[in-house]
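Dear colleague,

I am passing on a structure that will be new to you, and below it you will find notes on what came out of looking through it.

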Amino acid sequence: MSFQAYLDNIETKTGLTPRQFLSLADERGFGPGTKAGPILQWLKDDYDLGRGHGMALVHVITKGPKISDAHVGRPGPHGDATDELWLDGAASNPRA
């Protein structure tokens, strides 16, 4: 599954865009420098997200929307179209 697909699936499951999760995380004091454990626990407790999906949000919360270009442009299920994740909802993604 691509990084963007994880985020889109989270939105489908929770009804919240990644940008909304950023706001909620900020309200809890999560951001750059926060360890993954507390964020993962919050996401599991409040949204029933597992580790894989949770780690996608951990990356966005702690590092922002930029990802490594290791999988960018790769064919197949793990390839992302760009190194910049779309955080404003799957329906409004101009690259989809």
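Please keep in mind that this is a predicted model. Counting pairs in which a side-chain nitrogen of Lys or Arg lies within 4 Å of a carboxyl oxygen of Asp or Glu, the total comes to 5 salt bridges.

One of them joins Asp 88 and Arg 19 at 2.6 Å, N to O, and this pair links distant parts of the chain, since Asp 88 sits in the segment after helix 4 and Arg 19 in helix 2, 69 residues apart. Another is formed by Asp 46 and Arg 28, whose closest N and O atoms are 2.9 Å apart; Asp 46 lies in helix 3 and Arg 28 in the loop between helix 2 and helix 3, so the pair ties together parts that are 18 residues apart in sequence. Asp 83 and Lys 66 also meet in a salt bridge, at 3.2 Å, with both residues in the segment after helix 4, and salt bridges that share partners join Lys 66, Asp 83 and Glu 84 into one network.

Asp 80 deserves a separate look, for this residue is buried yet has no salt bridge, the nearest side chain of opposite charge, Arg 95, being 8.6 Å away. The side chain of Asp 80 does, however, reach the backbone nitrogen of Gln 4 at 3.1 Å.

Gln 4 in turn belongs to helix 1, where the buried residues are Gln 4, Leu 7, Ile 10 and Glu 11. These cover an arc of only 120° around the axis, which puts them on the same side of helix 1, and what covers them includes helix 2 and helix 4.

Conventions: Residues are numbered from 1 along each chain as its sequence is written. This is a predicted model: local features need pLDDT of at least 70, side-chain atom pairs count only at pLDDT 80 or more; totals for chains, interfaces and linings use all residues. Side-chain values use heavy atoms; hydrogens and water are left out. Buried means under 20% relative accessible area, exposed over 50%, partly exposed in between (1.4 Å probe, protein chains only). Lys and Arg count as positive and Asp and Glu as negative; His and the chain ends are not counted. A polar contact is a pair of N or O atoms within 3.5 Å; within protein, one must be able to donate a hydrogen and the other to accept it, and residues adjacent in sequence count only if both atoms are side-chain atoms. Helices (H or I, at least four residues) and strands (E, at least two) are DSSP runs, numbered from the N terminus. The arc is that of the directions from the helix axis to the C-beta atoms. Contact means heavy atoms within 4.5 Å.
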